[in-house]
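Have a go at each one before you read the solution.

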Amino acid sequence: MIISSRPEIKELIPYEPGKRIEDVKKEYDLDKVVKLASNENPLGPSPKVKEKIKKHLDDLAIYPDNKSTALRDRLSHEFDVPQEEILVTGGSSEMINLISEAYICKDDEVIMGDMTFPRYKQTTIMMGGIPIEVPLKDFRYDLKAILDSITDKTKIIWICNPNNPTGTIVSNDEFIDFLNNVPEDVIVVSDEAYREYVTKDNYPHNTHELIKDYPNLVVMRTFSKVYGLASLRIGYSFASEEILGEVNRIRSPFIVNTLAQAAALEAIDDKEFLKKAYDVNVEGKEYLYNEFEKLGFKYIPSETNHIFVDVKTNGRELFNKLQTKGVIIRPQKENYIRVSIGTMEENKFFIEKLKEVL
Ligand SMILES: *Cc1c(COP(=O)(O)O)cnc(C)c1O
């Protein structure tokens, strides 16, 4: 190649999303395909949100509010956090990029779990940092081992809580104790994409209250999962003014569009819909646990909308077979798969096809 790109990006490969429903239908000549691969809300968004979006169609020619003022104001009231400590971004994905771009210098070390959301590692490599992947312990983030991995070069620690793909959590006491032991010049990011699905009460639900005591903490949340707005690309973070100030220096303007801002505002208010999404998830989870037990499969009890399952055969092979039957799941390493919890109808279709291919 004549044109040289940054050497750091040479080992990165483009993101490969799972096949789309339409493609699988075509490829295997199927009428019905169920996708349980990307942890989306099977109910879609709240009907109120859909109505709200229609009201903003005339705004499309106008650049959106770059500061998402109304939404930040709403979040400020909801969580009792000053607006200056809230940032709205194009999903958590944009925030992962921004934190990485603003802080990771060449050869900085960045710590994460060894089975977790892959984007933390990619942005680390992209910035010339060194990913330090700390093995999970019993499929959970091992905070003790992470503390032991901190060096003078550590810049960021990513804590995916609950963790994708294993569905496990770090408890409130564990997290506070951890924060008390992390040096103040190391950023701790709590990625809480699935927080609304957590059923255990020892989960740190109030991390937004910790920003004032721990100015090195960043809390990331998203409207992509329980709120069913993955396609609109919107999420929010809490962090100190200092950190958000640095991030804002490099943030592209107008990433979060007007429809997304309006939808998010409406979504926060529809508590009934949230409750329904939570209940459907709990019900589906119990059903799938039960079916896995009958099949003799071990699964990791999940605090999210997906389950990490040992299918006693190669995960990728099972994934391929299920796909020909019209079910898309996510293969994991070795004998594991990750399956998103769908509507009861989708869950039953998945179990039916699973039994067929076994
Ligand atoms: C889905 C997911 C995200 C990304 O969410 P967006 O807000 O859609 O960018 C971030 N972190 C984890 C752990 C996720 O599973």
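**Exercise 1.** Work out how the lining of the second largest cavity divides by residue class.

*Solution.* Start with the classes: Ala, Val, Leu, Ile, Met, Phe, Trp, Tyr, Cys and Pro count as nonpolar, Asp, Glu, Lys and Arg as charged, and the others, Gly among them, as polar. The residues behind it are Asp65, Asn66, Ser68, Val88, Arg251, Phe254, Ile255, Val256 and Gln261.

Before going on, note that this is a predicted model, where local features need pLDDT of at least 70 and side-chain atom pairs count only at pLDDT 80 or more, while totals for chains, interfaces and linings use all residues. Residues are numbered from 1 along each chain as its sequence is written, and side-chain values use heavy atoms, with hydrogens and water left out.

**Exercise 2.** Find the volume of the largest cavity and its lining classes.

*Solution.* On a 1 Å grid over the protein atoms alone, a cavity is a set of points where a 1.4 Å probe fits but cannot get out; a pocket is an open set with protein on both sides within 12 Å along at least five of seven lines, and lining residues have an atom within 4 Å of a point. Points are joined across faces, edges and corners, and a volume is the space filled by probe spheres set on them. The largest cavity comes to about 50 Å³. Its lining has six nonpolar, four polar and no charged residues, with Tyr197 and Asn281 among them.

**Exercise 3.** Which helix gives the most to the lining of the second largest pocket?

*Solution.* Helices (H or I, at least four residues) and strands (E, at least two) are DSSP runs, numbered from the N terminus. The pocket holds about 230 Å³. Of its 14 lining residues, the closest to the centre are Lys67, Arg72, Ile86, Leu87 and Asn248. The helix you want is α8, with four residues.

**Exercise 4.** Describe how α4 packs on α8.

*Solution.* Axes are lines fitted to C-alpha atoms, for helices over the stretch in contact (heavy atoms within 4.5 Å); angles run from 0 to 180 degrees between N-to-C directions. Here the angle is about 95 degrees, with the axes 9 Å apart. That makes α4 roughly perpendicular (65 to 115 degrees) to α8. The contact residues divide into nine nonpolar, no polar and three charged.

Definitions and conventions: Parallel < 35°, antiparallel > 145°, perpendicular 65-115°, else oblique.
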